[in-house]
Amino acid sequence: METGTSIDHNGYETIKNGSWFSQFRNGYNPWMARYVYGLMFLLANLLAWAVRDYGHGALTEMKNFKNCKDGVNCLGTEGVLRVSLGCFLFYFIMFLSTAGTSKTHSWRDKWHSGWWFAKLLMWPGLIIFPFLLPSSIIQLYGEIAHFGAGVFLLIQLISVISFITWLNECFQSQKDAERCHVHVMLLATTAYTVCILGVILMYIWYVPDPSCLLNIFFITWTLFLIQLMTSISLHPKVNAGFLTPALMGLYVVFICWCAIRSEPVGETCNRKAESTSKTDWLTIISFVVALLTMVMATFSTGVDSQCFQFRKDENQEEEEIPYGYGFFHFVFATGAMYFGMLLIGWNSHHSMKKWTIDVGWTSTWVRIINEWLAVCVYIWMLVAPMVLKSRQTT
């Protein structure tokens, strides 16, 4: 559905093989539009990072804004929140104006996929607007952004679990069941091997001595959660197989690693952070990868408008929109709050070092709670059919 050229009976043409410029100039192409929105989101991330790390030296014109107080309230942590607020406003306005779109050719479809000249004026205007607001409003937005970022993490979590279950269903629905079973076992075995290797490496890197009780608890509890998910998945009444708990195990190990990695540099149990505390090429690469990963996660989650259905609908009518426009922009709006929280370490009073992202105890606990929530949602998905069925029979 993403390659080739498709034309419906009304002459609606989605150019997917043409150049980006021709698509941008000629049309209302929702497939091209999502990449443009993603690029605008990436630019907002880079601007927020520049304001935080290099704003004091490069953005001297900020001192001219009334509410900036010689640039103090428009740079650093508060500058990140101002850029985040501008980005949020843009995508939230797009959400309000495109929510409920179901068919192509409508004015909402054309607004989402076109009118780029108006949007290229609206986007920088909304990015600049928060710099005209008083500091009290920005601090209030910073508090609200904690909840918005939490909503983003929840949507992303459901999207990941939905994809894992959909992938498992695809393997089970294959005609060549025996051959597919071998592939599933190989994939599940590889996933479990990587999980165990990841746990061992975390013990080596983040538990240098027995006094690191918190890290020991985080890693050991993650190992227990993997075992718990596997046991429930293999229960005769559930019978969900090895693949989904194995892939979920990879996900929770990754979240645990991100959580421990977010611990402050000065902590004795985080030797890896101490070894990369200086701004070297490895630190810069890690920051760039983390930033791009966050943007890609926002993009992929936004396109997956069926994630709350826990299934992928392959049957789509020709006049239906290719993805949920309102959901897409809502994810990017909450993603704007999320990148703001990452760049300030989830704490508006916490100063971040250059080329760092998502560092601080608040970041650590947000990640850990996200891991536990992921396991709870996954287990509920496994047992929900039995629970609902038993309630219906009683």
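Residues 24 or more positions apart account for 75% of the contacts in the protein with a separation of 6 or more. The model is predicted.

Visitor: What makes up the protein, in helices and strands?

Guide: There are 13 helices and two strands.

Visitor: How much of the protein is buried, and what does buried mean here?
Guide: Buried residues are 47% of the 394 residues. The word is used for a relative accessible area under 20%.

Visitor: Why is Arg52 called buried?
Guide: Arg52 has 8% relative accessibility. The cut-off is under 20%, so Arg52 counts as buried. This residue lies in helix H2.

Visitor: Which residues is Arg52 in contact with, leaving aside its neighbours within four places in sequence?
Guide: The list includes Gly76, Val80, Phe287, Leu343 and Trp355. The side chain of Arg52 also reaches the backbone oxygen of Leu343 at 2.9 Å.

Visitor: What makes Asp53 and Arg52 a salt bridge?
Guide: Their closest N and O atoms are 2.6 Å apart. The limit is 4 Å between a side-chain nitrogen of Lys or Arg and a carboxyl oxygen of Asp or Glu, so the pair qualifies. Both Asp53 and Arg52 are buried. Side chains of opposite charge can pair when their charged atoms come close.

Visitor: How many salt bridges does a search of the whole structure find?
Guide: It finds two. Glu78 and Arg82 form one of them, with the closest N and O atoms 2.9 Å apart.

Visitor: Where do Glu78 and Arg82 lie?
Guide: Both lie in helix H3. They are four residues apart, about one turn of the helix.

Visitor: Are Glu78 and Arg82 buried or exposed, and how do you know?
Guide: Glu78 has a relative accessible area of 9%. Arg82 has 0%. Both values are under 20%, so both residues are buried.

Visitor: Why is Trp365 called partly exposed?
Guide: Its relative accessible area is 34%. Exposed needs over 50% and buried needs under 20%, so Trp365 falls in between and is partly exposed. Trp365 has its place in helix H13.

Visitor: Which helices each supply at least two residues of the nonpolar patch?
Guide: Helix H8 (213–233) and helix H13 (361–393) do. H8 gives the largest share, four residues.

Visitor: What is in the largest nonpolar core?
Guide: It has 60 residues. Tyr37, Phe41, Cys87, Phe90, Tyr91, Tyr338 and Phe339 touch the most other members. Among the helices that each supply at least two of its residues are H2, H3 and H12. H12 gives the most, with 13 residues. A second, separate core has 40 residues, including Ala191, Ile368, Val375 and Tyr378. In soluble globular proteins, nonpolar side chains tend to be buried together.

Visitor: Which residues is Phe90 in contact with, leaving aside its neighbours within four places in sequence?
Guide: They are Tyr37, Met40, Lys119, Met122, Trp123 and Leu126.

Terms used:
Residues numbered from 1 in each chain as written. Predicted model: local features only at pLDDT ≥ 70, side-chain atom pairs only at ≥ 80, totals over all residues. Heavy atoms only, no water. Buried < 20%, exposed > 50% of the residue type's maximum accessible area, 1.4 Å probe, protein only. Contact = heavy atoms within 4.5 Å. Core = buried A, V, L, I, M, F, W, Y, C linked by side-chain atoms within 4.5 Å. Polar contact = N/O pair within 3.5 Å; in protein donor to acceptor, adjacent residues only side chain to side chain.
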